[in-house]
Amino acid sequence: MRNASDPYDEEEDDDNLSSERQIVVGICSMMKKSNSKPMTQIMERLCKFEYITVVIFPEDVILNEPVEKWPLCDCLISFHSKGFPLDKAVSYAKLRNPLLINDLHMQYFIQDRREVYRILQEEGIDLPRYAVLNRDPDRPKECNLVEGEDHVEVNGEVFHKPFVEKPVSAEDHNVYIYYPTPAGGGSQRLFRKIGSRSSVYSPESAVRKTGSYIYEEFMPTDGTDVKVYTVGPDYAHAEARKSPALDGKVERDSEGKEIRYPVMLTAMEKLVARKVCLAFKQTVCGFDLLRANGHSFVCDVNGFSFVKNSMKYYDDCAKVLGNMVMRELAPQLHIPWSIPMEAEDIPIVPTTSGTMMELRCVIAVIRHGDRTPKQKMKMEVRNALFFDLFEKYGGYKSGKLKLKKPKQLQEVLDIARQLLSELGQHNDCEIEEKKSKLEQLKTVLEMESSLNDNQYGHFSGINRKVQLTYLPNGQLKASSEEEDTLMSGPSLLLVLKWGGELTPAGRVQAEELGRAFRCMYPGGQGDYAGFPGCGLLRLHSTYRHDLKIYASDEGRVQMTAAAFAKGLLALEGELTPILVQMVKSANMNGLLDSDSDSLTDCQQRVKARLHDIMQKDQDFTEEDYQKLAPTSSPSLLNSMKIIQNPVRTCDKVYALIQSLTRQIRSRLEDPKSASLQLYHSETLELMLQRWSKLERDFRMKNGRYDISKIPDIYDCIKYDTQHNSSLGLEDTLELFRLSRALADIIIPQEYGISKLEKLDIASAYCLPLFRKIQLDLQRTHEDEAVNKLHPLYSRGVMSPGRHVRTRLYFTSESHVHSLLSIFRYGGLLNEGKDEQWKQAMDYLSAVTELNYMTQIVIMLYEDNNKDPSSEERFHVELHFSPGVKVCPDEENAPMGFGFRPASAKSQEDLGSLEDLSKDEPDHTALTEPLSIHRKSPLLANRKAGSMEVLSECSTSFSGAIYRIFPSCSRQSPEVKSSGLGFEGCSMVPSIYPLETLHNSLSLKQVDEFLSKVCESRNETLTKTMKCFSAMFDSQFQPSMQPESLERAHSSVAPAQPAQPVWSILLVLHPVQDLHQSPWWSLHQPSTSAASRPHAAPQSAYPDLRSASAASCTHLLSANLSRSRILSLSLSRSSTGGRR
């Protein structure tokens, strides 16, 4: 790229050019535009084309020299801005006849809003309703304006306030919005950004009386405008920004740049982008969209516009422009350049079996990234203030209430302060809450109410919460910290949760994994970060990528999804805008959320058995091995061998925790380290609070251990060994080793010990997700209008009707465990008959932990060479990664390498199937957060003949074997020739690569399996309900009406993932029926509500119905104790697992 600072001589010696003919691209614009960052970035990339040279026309030449002396060029990029002589540019184009990237004659029309609206209307593009007021002195009759108090009439068209008044000149940015008198009147006056202002409010309500204007209807857009940037008719980048009409303040990030939100365009908006680009003949073109009332309206066309501060856009723009220039001019100038096939135009990729097929669908279920330790405190409350709060926010409707908003949490804090104050003044006052619990509640809420975003554990609504659960007869079973007494009357179970915030390391993990995921898409093999503009990104920008990202309502899960999206789509900036625009919450039907305090009956039994086995003060016997590990999982057996005697191991763990707290207290007493800041701005005092609570809770008053705390202990020590190892605390690695061995038994076995239990619990958790996955696969091969190009506008795109569907589901550990259990034990394949599946099951059995960023990936391919009706037409692959490598110390980290698919690389014998279950060093693991490295072959020293070159090491796909995101890893000698996996260069060394579990499944086979799983769950629930229906019939035949039972059956939603069977019995009537009483009325004690202000409201429900439900509970108590039933349905305790 060079500046043509002198007039260009037509006879200039060709020796100044390279030995081969070069295509000269001329940049003819004002200096401010030519030297802008976007132009510089794009032109530098354009110069990397081997046969392209860029010449910038000096502003002095443009303004003062005749066009005959302007530099010569083969292709001209020229556009109007303030002071630019457009007439001279038109004359130059007529003289030299270069290839025009943006048509020059049409730029006259773009400067007049009246012409812009006319052209848009002719193209059938939706516009806001508008009228033009022409104040032409020579034609006064064309100006007809009647102004009223809250409306104007323009040439017979009436516009009620609010309406918009725009000058007809597109160069005039003084746009006014007039407000109606009932709203306060006045007007918002928009202007070109000055500093951090883009508009101001004015009390003036009268419209302007001089000049010509367009009046248009004001469109309610919820405070955002969408800016679309095209590069040719087949590429568009879209961003949203806060509307300047909102408050006039420009939102800027920490670097002072205006905050822009990444936007997904709808199918119709993509068509509009294509129409605008073609209608105005502007290859590089920006325009504004207003999204209002379910429609999209174009309100302005800006002409030549670049996206600011987006490396991905710079790469894409240079690639599109470079190939456009080469395709048009290389043949004319006899340049030896072949027109490249767009590798990503048809999404053909190599499958793991080496064949070439079209990628149609990618479905991934992913656990969230690294987080701070989760902490929880439970207490039973009976004070009327808590009941008032419970009623205020509608807790009686369902019997449960979540308080997450800062205002709500402040109310809880105020109650705690008030009760503590009363308790201090009157020691005999009737406050039933324990003082220590109230103090802890107050301390935590005060600690977390800091407005400093860098404060450890700071929560903005979604990251902390208080849960209240109504207990009609009080809490039935006291915890180790509470009195062993049972008070009568209703109460509330208050659960305070904090911590569990996504760490900076977790964000990096998610973003890097998002980048790595690109390699699964067309053009993504090799160095996945090598060229951000290829493969998936081009597929996405050319409207043929149907992407949806779902996340549960946990803050750490949502931020993980946003960080992953940022890496996947090469987005830039803060995560919050990405989260708002691109991540959908999926908590409406239990799709990705599960109530950790709700357990199925099967899970209750499993927890009880686990507790019994782990309380034996003796070495594990053969019988214990059979009871605890009936599946003979190597990871379980290895952990049991490490533990030997569970009680003795718990003794060691408890002693190590005591030692740890003593060391932390000692550090606190040392003035040098008292104010020491730990990872993520945690303090030693906060660290001590974490461990002191675990020390109190782990060993109960009776001397036995609460094994439900083991996951929390492992969670904390894993966090501290990874992030706070610089403290140099003694015996942390031994505590890590022992707590991990215990956790490797407790956590996976809480989701079922036997295969049937695992399936029962798994289906309760993730049946809605399984149904959604089935729909995703089914809909992929159906004819859909979404995310395809319209046939009339698809010229130049080889496969306009094809698209890749991507569905990403981010969730917590419970769903990942459950989904994997169904694939493993649900009967997808027969291990005895399928050797590949047997190897995969051996690998999964060796996995000890489903750590952060665990992935389960399903990929659907289509073989276009097969008959459409053939079962071989669609091909499904199943992949899995256990996520982040656990690495507290390089010398003591687990090895983490198990089943390895075939590799074209090393054939050395470096590992075995059971490596994943052993605590051996992993020298490739990282203990520090990853640094993000970005590079692009566009910036390499040598030029590429075409931007289509994806990587230097790309080879023919014929016979190639690939592994998804592999790292430097070891491989089992038994499976080297299995022909599975993806090859490439890993850039995420801290995360285990995806392993191919199976690569030869048919879509029919998978669909039938998913249907069977869903049907079997429905049948189980149906049989259960029929059983209870028969019990009702036999006991209450005279009094129960058939329609009552029918409604009872219809009210049960089988899709709810964590709905206990016994809970269904207590909710047999439809809760949503406003004429019936809420569920809790069935358990009201005999004392009237009037005698207790904190009792639930009395029911207007018929006595017969209440008696029937109560009798049902009595009937069931013949097999289950009453306390058992209530504990299942009302005071469900936590699983204790990691989420």
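Me: What makes the contact between aspartate 234 and arginine 274 a salt bridge?

Reply: This is a predicted model, so the values are computed from its atoms. The cut-off is a side-chain nitrogen within 4 Å of a carboxyl oxygen. For aspartate 234 and arginine 274 the N to O value is 2.2 Å. The pair therefore meets the cut-off of 4 Å.

Me: Are aspartate 234 and arginine 274 buried or exposed?

Reply: Aspartate 234 is buried, and so is arginine 274. That label stands for under 20% relative accessible area.

Me: What makes glutamate 849 and lysine 718 a salt bridge?

Reply: Their closest N and O atoms are 2.8 Å apart. The cut-off is 4 Å, so the label holds. Glutamate 849 sits in the loop between α25 (835-846) and β29 (855-862), and lysine 718 sits in helix α21, so the pair ties together parts that are 131 residues apart in sequence. Both glutamate 849 and lysine 718 are buried.

Me: How many salt bridges does a search of the whole structure find?

Reply: The search finds 41.

Me: Why are arginine 118 and glutamate 122 said to be separated by about one helical turn?

Reply: Because they are 4 residues apart in helix α6 (residues 113-122). An α-helix has 3.6 residues a turn, so residues three or four places apart point the same way. Arginine 118 and glutamate 122 form a salt bridge, with the closest N and O atoms 2.9 Å apart. Glu115 is linked with Arg118 and Glu122 in a network of salt bridges.

Me: Why is arginine 118 called partly exposed, and why is glutamate 122 called exposed?

Reply: Arginine 118 has a relative accessible area of 32%. That falls between 20% and 50%, so arginine 118 is partly exposed. Glutamate 122 is at 57%. That is over 50%, so glutamate 122 is exposed.

Me: Why does lysine 82 count as exposed?

Reply: Its relative accessibility is 77%. Lysine 82 is in the loop between β4 (75-78) and α4 (86-96). On the surface, Lys82 gathers with Lys32, Lys33, Arg192 and Lys308 in a patch of positive charge.

Me: Why is serine 632 called partly exposed?

Reply: Serine 632 is at 46% relative accessibility. That lies between 20% and 50%, so partly exposed is the label. Serine 632 is found in the loop between α17 (622-628) and α18 (634-643). Its phi is near 55°, a positive value in a residue other than glycine.

Me: Where is lysine 281, and what is its phi?

Reply: Lysine 281 is in the loop between α7 (267-279) and β18 (284-292). Its phi is near 55°, again positive in a residue other than glycine.

Me: What kind of peptide bond joins lysine 161 and proline 162?

Reply: A cis bond, with omega about 5°. Proline 162 lies in the loop between β9 (157-160) and β10 (163-167).

Me: What makes α20 mostly covered?

Reply: Of its 15 residues, 12 are buried. Among them are Trp691, Lys693 and Phe698. Helix α20 (residues 684-698) reaches 21 Å from its first C-alpha to its last, close to the 21 Å expected at 1.5 Å a residue.

Methods: Residues are numbered from 1 along each chain as its sequence is written. This is a predicted model: local features need pLDDT of at least 70, side-chain atom pairs count only at pLDDT 80 or more; totals for chains, interfaces and linings use all residues. Side-chain values use heavy atoms; hydrogens and water are left out. Patches are made of residues with over 30% relative accessible area and no salt bridge: like charges are joined within 9 Å, nonpolar side chains (Val, Leu, Ile, Met, Phe, Trp, Tyr) within 5 Å. Accessible areas come from the Shrake-Rupley method with a 1.4 Å probe; for residues, only the protein chains shown count as cover. Lys and Arg count as positive and Asp and Glu as negative; His and the chain ends are not counted. The place of a charge is taken as NZ of Lys, CZ of Arg, CG of Asp or CD of Glu. Helices (H or I, at least four residues) and strands (E, at least two) are DSSP runs, numbered from the N terminus. Buried means under 20% relative accessible area, exposed over 50%, partly exposed in between (1.4 Å probe, protein chains only). The expected span of a helix is 1.5 Å times one less than its number of residues.
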